[in-house]
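Please open the structure in your viewer and keep the selection tool at hand. We will go from one stop to the next.

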Amino acid sequence: MLNEEFKLVVRKYLPIILAFLLIPLISYSFWLFYPIRQLEIVVIDKSVTNDTYNEHQSFYWILEYQKIQNMEDRYYDFTEDYYGYHLASENEPAFGDDFSKLTEAEIEAKIKPVDVLFLADTYGVYKNDLNKTNQKERSSKVFGGLNQGEIKLVREAAKQNKTIIVEFNSFDSPTTKFNRTEIENELGIKWTGWIARYFEELDTTASTLLPKWLITNYLEQHDNIWIGKGPGLVFVHEDGKVEALTYKKDYQSRIPEIRTPFFNKTGFQLPEVVPYPDWFDIVLIDRGYEVVSYFDINPSSEGLEKLKAMGLPRFFPATVVKNSDKGQFYYFSGDFTDMKVDLGSAKFTGLPILWRGFHLVSDYKDRESFFWNYYFPLISQILEKAENRVTN
C-alpha cells in the first residue's frame, strides 16, 4: 500500500520536480554555449566602503550575464578590476589607486586598448564610512574626488573616440570647482549645484533616513521651522542651502518618475515610467545631447515657483547621450548603479525576463525592481552600441 501511494505521489509531482531541475539546467546550458563577447572596460569607483561593492557590482553582474570578457580572456572581477578605493585584506592594507601620477603619454597608452570608460562614483570614502559610526554625519575624507588624472583620461578617451559613461556623483564635493569646470567643459554638461532626493517621511521623529546635517541646515535657514510631515523632495545645494517640496502641495507625482518616451531619437527601449526614490543631481546639457530619459515630479504652480526660485527647470535630465566625432558620452543623473543586495549568479540565460515578472516596475521600495526594469536594459543596450562601434 505504501509503495502504491508513493508511486502516485511521484507521478503527480514528478513533472513539477523535473521542471525545477531542468529549467535551471537548460538556462545554464544556454548561457554556457552563448558566444563570448570582448570589450575592454575601465571602471573608476572611489566610493568602495564595504565588501558589497554596491557602487559598481551590479554593472559587473551585467558584464558576466552578457558574457563580456576583457582582452585577457577572463570575466571581470568586481572585487579587483576597477580603479579607486580598495579595502584592506589579509595580505595588504587599504589603498587608493587612480591616474593622478600618470604622464600624458602613459594615459594615452592606457586608454588606447579601452572600449568603454565608466566613471561610476568619485565621491570618495570618509572616515565614518569605514568606522561604521555616525554615518549620517559628515567626516574627514580618506580618499576621493575627481582629479586631473581622470580628466585627462576622459579627454584622451574622447580624442580616441571611445564610449564614455559618467554617473552621479562625479561633480560634487570633494571634487574641486576647478576640476569640475574642466570635466563639465569636456562633457558638455553643467551641474546646477543642486542634488535632490525623495523621503517617504519628513517627520524627524519618525524617519531614520534624514541626515542630521540636512536637518540642521534647513532649520538654520528657515527660522527654525521644519518642513512638515509626510512624503517630500529635499533639494541640497553645494553651498549648503536646503529647500524642500512637499507631496500634493508642491508636486503631484509622489515619487520622482523617470520617463522614457516610447518613440525616442536615441532608439533605447525602456519602460515609459519608472519610479526613482534615490539621490540624483540636476544638470544642464548642451545641444549635442539627446535625452534618453528625464525626471518628472509633476509640480504644482507653487512647486514651479519654488523650482524657479532655485533656478531649476520643469524637467530634469535623467539619462542623456551625445554622439560626436569625439566619442560617445553618456551621463546618468541618478545613483543608478548602486545596488546593496546580492543579485546571485549571472550564469543563467533568461533571468532578467524571469525577475522582471517578480519585481513590479511600480514598486519604488524594491531596489531590484529598478535594476531589472531600467538599469539592466539601459546598460545592456549601451554595451551593445559600444560593441557595434568597435566592430563596425
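**Stop one: a bridge between helices**

Select Glu186: at 11% relative accessibility it counts as buried, where buried means under 20% relative accessible area, exposed over 50%, and partly exposed in between (1.4 Å probe, protein chains only). Before going on, note that this is a predicted model, in which local features need pLDDT of at least 70 and side-chain atom pairs count only at pLDDT 80 or more, while totals for chains, interfaces and linings use all residues. Residues are numbered from 1 along each chain as its sequence is written, and side-chain values use heavy atoms, leaving out hydrogens and water.

Helices here are DSSP runs of H or I with at least four residues, strands are E runs of at least two, and both are numbered from the N terminus. Arg155 counts as partly exposed because its relative accessibility is 33%.

**Stop two: loop to strand**

Select Asp286 and Lys322, a salt bridge whose closest N and O atoms are 3.2 Å apart. Asp286 lies in the loop between strand E15 (280-285) and strand E16 (290-296), and Lys322 in strand E17 (residues 316-324).

**Stop three: a network**

Finally, select Glu257, Arg259, Asp296 and Arg314, which are linked in a network of salt bridges.

Notes
Salt bridge = Lys/Arg side-chain N within 4 Å of Asp/Glu carboxyl O.
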